Amino acid sequence: MSDRAGGGPSNITTPRSGPRPLDGAPGGTLHGFGILADALDEIPGFGVDNPIREHCFVPAVSAIALRESATHDDLYTPISDEELEESPFHAVKLASQSETHTLVTEELSTWFLDQLP
């Protein structure tokens, strides 16, 4: 239940399976739902059922300042090589798949080292 300004309580429901649209967007992920669930599980009598442990922490389009993420399509439309040129950053490399936020992978490390003079 949630209190709304100017009204009484209302039920808020969300899909019970799969990540929500923003939570599953391509980009850097965080195990935030899992961190919260683990903390709640430590409280006696307050166990939680948490089938989804991670969520999108930084959508790719936001991370490279490419487009406003106002709609589902803005988040999920693949980013083309031509669009990467529109980013305000000098050089951009996106991981080939969503990875944990700030994870140092061989793929990204190799690209980074190739950028050095």
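**Salt bridges and a surface patch**

Me: Where is F46?
Reply: This is a predicted model. In it, F46 sits in the loop between α1 (32-41) and β4 (55-59).

Me: Buried or exposed, or something in between?
Reply: F46 counts as partly exposed because its relative accessibility is 42%.

Me: Which residues form a nonpolar patch with F46?
Reply: I43 and V48. With F46 they have about 230 Å² of accessible area together on the surface.

Me: Switching to charges. How many salt bridges in the whole structure?
Reply: A search finds 3.

Me: What does R53 pair with?
Reply: D38. The closest N and O atoms are 2.8 Å apart. R53 lies in the loop between α1 and β4 and D38 in helix α1, so the bridge ties together parts 15 residues apart in sequence.

Me: And how accessible are R53 and D38?
Reply: R53 is partly exposed at 38% relative accessibility. D38 is partly exposed too, at 35%.

Me: What about R67?
Reply: R67 forms a salt bridge with E83, with 2.9 Å between the closest N and O atoms. R67 is in the loop between α2 (60-63) and α3 (72-76), while E83 is in helix α4 (residues 81-84), 16 residues apart.

Me: Are R67 and E83 buried or exposed?
Reply: Both R67 and E83 are buried.

Me: Which side chain meets K93?
Reply: E107, in a salt bridge at 3.9 Å, N to O. K93 lies in the loop between α4 and α5 (106-115) and E107 in helix α5, so this pair ties together parts 14 residues apart in sequence.

Me: How accessible are those two?
Reply: K93 is partly exposed, with a relative accessible area of 35%. E107 is partly exposed at 28%.

Conventions
Residues numbered from 1 in each chain as written. Predicted model: local features only at pLDDT ≥ 70, side-chain atom pairs only at ≥ 80, totals over all residues. Heavy atoms only, no water. Patch = residues over 30% accessible without salt bridge, like charges linked within 9 Å, V, L, I, M, F, W, Y side chains within 5 Å. Areas by Shrake-Rupley, 256 points an atom, 1.4 Å probe, with all protein chains shown as cover. Salt bridge = Lys/Arg side-chain N within 4 Å of Asp/Glu carboxyl O. Helix = DSSP H or I, 4+ residues; strand = E, 2+ residues; numbered from the N terminus. Buried < 20%, exposed > 50% of the residue type's maximum accessible area, 1.4 Å probe, protein only.
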